[in-house]
Amino acid sequence: MKKVLLTLIAVLMAVPAFAIEVYNNGENAVDIYGTLRGYIGYGHGVDGVSDTTDDNFLYGIQGNSRIGVRLKVGNFSGQVELGAVEATLYGRSTGSNVGLRQAWGAYSFGNAGALLAGKTDTPTAMGGFISDIMDTDGGLNGFGGSTTGSRRFQIQYNVAGLSIALIENDMAYGPGVSYGYTDGGETIPRLGLSYTYKNPSLLVKVAATYSALNGTINAPVSDTRWATVHAFGVALGLKPTFMDGKMWLSVLARYGMNEDLYGEAKTVYNGGLMAHSSIGNYVGVQADGTVDNVQRAAVALELGYNVNDMIAVIVGGGYQHSMIDALTYDVGSYAVFLQAPIKISGNFALIPQFTYTGTRLDSDNKDSLVLAMQARITF
């Protein structure tokens, strides 16, 4: 087995990037692709709230490792993808298992666009702007960034860079149960839209989403009145490149309210691990029906430079301010990271990264530093 693994790594280091092409006759095609992302490192966390310190030896396979199949038959295209850790068809309450990351089909009308139905990323997922390797599909989410992957069942129409979708929110699990918001549902499907512009020296994306959510009031309130919670978010990403693509600058900004209820924003801290921990879901309903909203404003920056075809240097960071109606204080969280990806081949890369995070809760704090390296195999 050891000899087989060493042989596989040697092959990946020697060949350019490729997917496994199963069939291609020029018009119809089927191929298999995937990525395996393992990590090893060290993490140190300090919790000023409980006055504890943790040192962690880090290793494992990240949940955004995946394998999938893409196909195209005439005007029809589709994708089925399994993720190492993904919510299944039964909702995010079973999200610690292998599950379907992508499961969709689309029909192209040519210049008139394409209609897609199934599970895929929402239009407001902001991939391509922040290179952070921690927290799987987080993209510094909670520390100034925005989620890079947010997969939901939806009907989506795409034309000329514009995406419009009606999205199922997967509220059945009832997030925020301890804060009086249970039996989660939606009064209307979530609406998401985005516009993406891309040329060789510039990537721009603007996005917005809105939903009206509802749930029954929980203890200590005894009645069963329904309360409507409005949730929305707007995001902007800007990424110009310079020096014939060798250098780039990314700017990512987001503002929203109650977006944790549909999984595109959160308030977090890091305890010295590769995954962040949520401080909690504070959306609730008071006895008089007043809704406690959570507003979040975030901004993240990244500067990168390709030293040569093999090595790059990336520095980035971000800040998020969470304003919580139910509490008497706000939460500020920030992160900075330094990364030096090493491209061994088109299929194999080593990505060392140093990250420092801090979360401020009134007079208390939670801080961490993580030094880790990701080994990424892609085909």
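I started with Tyr 356, which is partly exposed at 29% relative accessibility (the class between buried, under 20%, and exposed, over 50%, with a 1.4 Å probe and protein chains only). This is a predicted model: local features need pLDDT of at least 70, side-chain atom pairs count only at pLDDT 80 or more, and totals for chains, interfaces and linings use all residues. Residues are numbered from 1 along each chain as its sequence is written, and side-chain values use heavy atoms, without hydrogens and water.

Next I looked up aromatic pairs and got four for the whole structure (ring centres within 6.5 Å for Phe, Tyr and the six-membered ring of Trp; planes under 30 degrees apart are stacked, over 60 edge-to-face, the rest tilted). Tyr 107 and Phe 109 are edge-to-face, because their planes sit at 65 degrees, with centres 5.2 Å apart. I have Tyr 107 at 40% relative accessibility and Phe 109 at 46%, both partly exposed.

Tyr 356 pairs with Tyr 334: tilted, 6.4 Å centre to centre, 35 degrees between planes. Tyr 334 is in strand 21 and Tyr 356 in strand 23, so the pair ties together parts 22 residues apart in sequence (strands are DSSP E runs of at least two residues, numbered from the N terminus). Tyr 334 is partly exposed too, at 26%.

Strand 21 also holds Leu 338, partly exposed at 47%.

Definitions and conventions:
Helices (H or I, at least four residues) and strands (E, at least two) are DSSP runs, numbered from the N terminus.
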